[in-house]
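Have a look at the model first.

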Protein chains: 2
Amino acid sequence: MRQTSPMTERDFTRTCSEGYQVNLMARLFARALQAQIKPLGLSTGTFPVLLALWEREGQTQRELVTELGVEQATMANTLSRMERDGLITRRAHEADARVQTVWLTERAKGLEQAATAAAGEVNDRAMAGLTEQERQTFAALLSRVIGNLSDH
Amino acid sequence: MRQTSPMTERDFTRTCSEGYQVNLMARLFARALQAQIKPLGLSTGTFPVLLALWEREGQTQRELVTELGVEQATMANTLSRMERDGLITRRAHEADARVQTVWLTERAKGLEQAATAAAGEVNDRAMAGLTEQERQTFAALLSRVIGNLSDH
DNA sequence: TCCACTTATATAGCTTGCTATCTAATATTG
DNA sequence: CAATATTAGATAGCAAGCTATATAAGTGGA
């Protein structure tokens with residue numbers, strides 16, 4: 001019945017499935033970040049968008065979509081909430097009537113230091129007890145796994 | 001203005017934030033798993049519950065909650081969908097009227113082989129190009145990070 | 001026994017993600 | 001130039017996560 005050799009087969013249990021562990025870890029990260037940035041009036045979904053815009057304002061929705069790797073519909077909804085919450089405004093593109101550019105409000109600009117510090121704390125807590133070498137190994141493995149799951 | 005020394009400070013950019021990378025990786029895992037198990041009529045949220053029940057049937061909602069690390073409300077909703085979709089049934093506890101035990105339907109029992117194989121394929125694709133040693137390192141680092149974020 | 005905790009589950013309401021589909025505007029091509 | 005493609009964005013509807021709160025059933029002590 002079994003197709004592969006017992007020698008090479010990986011026993012599938014929840015706790016040793018990378019996918020399961022990754023999902024759990026991501027939820028723990030999100031909970032921790034949520035707790036840190038809630039006092040600033042921010043939430044986890046808006047955070048990557050803010051990071052992208054703090055780096056370069058005036059991007060289009062399409063640019064944010066490709067940069068952050070979420071679906072267009074997800075981004076549209078997230079931007080709507082951010083506009084509602086006074087984090088961004090949208091301006092018409094001068095040459096293309098389909099396009100809108102996204103700009104930070106003063107409030108959002110003022111949150112950069114506090115927000116990145118909060119996220120840095122979460123990262124540090126997550127990486128506590130790891131040597132700098134291990135932390136770099138972890139980051140490198142993350143990149144490779146992301147690369148593997150990204151092609152096609 | 002900056003509190004910490006420039007020598008030890010970690011420049012906070014999206015692509016080098018562990019939290020950001022972990023979130024991205026988890027979404028890629030979920031997309032891949034979703035594609036694999038959709039033909040079986042399963043979805044990502046039901047999957048961990050099925051794994052727990054394939055291991056031991058008849059658990060209570062509370063047991064599943066502590067075992068899988070989701071909130072009670074999340075589990076209640078997930079179990080409702082699973083009941084609706086004919087994956088589980090619930091029976092009253094013989095001694096405690098507050099408690100229900102959760103049981104797999106015949107359909108759910110029959111899906112174990114195909115579903116774990118599908119998840120195994122996703123894991124293998126994600127880990128492609130990693131040596132067995134690297135794969136173990138990754139798993140060990142995942143556990144440590146999960147541990148760090150779990151206390152308190 | 002009765003009142004106050006605790007425990008198990010459900011529900012309301014929100015965010016963040018997805019797929020699928022719609023509209024409007026621009027580009028392309030016969 | 002008209003017909004067709006593509007592209008940007010919005011919207012509908014669902015899954016899966018969360019917090020907060022409600023309800024019902026057990027437990028324990030005065």
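What follows covers the ground rules, the interface, the nonpolar core and the salt bridges.

## Ground rules

This is a predicted model, so to speak of a local feature takes pLDDT of at least 70 and side-chain atom pairs count only at pLDDT 80 or more, while totals for chains, interfaces and linings use all residues. Residues are numbered from 1 along each chain as its sequence is written, chains are lettered from A and ligands numbered from 1 in the order in which they are written, and side-chain values use heavy atoms, with hydrogens and water left out.

## Where A meets B

Counting contact as heavy atoms within 4.5 Å, 53 residues of chain A touch 54 residues of chain B. About 5,100 Å² is buried between the two chains, with carbon and sulfur atoms giving 61% of that; buried area here is the accessible area (1.4 Å probe) that two parts lose on being put together, summed over both. In chain A, Phe12(A), Arg14(A) and Leu149(A) lose the most area to chain B, together 15% of what that side buries.

The rule also picks out 18 residue pairs in polar contact across this interface, both residues at pLDDT 80 or more. A polar contact is a pair of N or O atoms within 3.5 Å; within protein, one must be able to donate a hydrogen and the other to accept it, and residues adjacent in sequence count only if both atoms are side-chain atoms.

## The nonpolar core

The largest nonpolar core has 88 residues, and the ones touching the most other members are Met25(A), Phe29(A), Phe138(A), Met25(B), Phe29(B) and Phe138(B). Such a core is a set of buried Ala, Val, Leu, Ile, Met, Phe, Trp, Tyr and Cys residues joined through side-chain atoms within 4.5 Å. Leaving aside neighbours within four places in sequence, Phe138(B) contacts residues including Val22(A), Phe138(A), Leu142(A), Met25(B) and Met127(B).

## Salt bridges

Over all chains there are 16 salt bridges, each a side-chain nitrogen of Lys or Arg within 4 Å of a carboxyl oxygen of Asp or Glu. Four of them cross the interface of chain A and chain B. Glu18(B) pairs with Arg135(A), the closest N and O atoms being 2.8 Å apart, and a network of salt bridges links Glu18(A), Asp124(B) and Arg135(B).

Within chain B, Asp96(B) bridges to Arg98(B) with closest N and O atoms 2.8 Å apart. Asp96(B) is partly exposed at 22% relative accessible area, whereas Arg98(B) is exposed at 74%; buried means under 20%, exposed over 50%, and partly exposed in between (1.4 Å probe, protein chains only).
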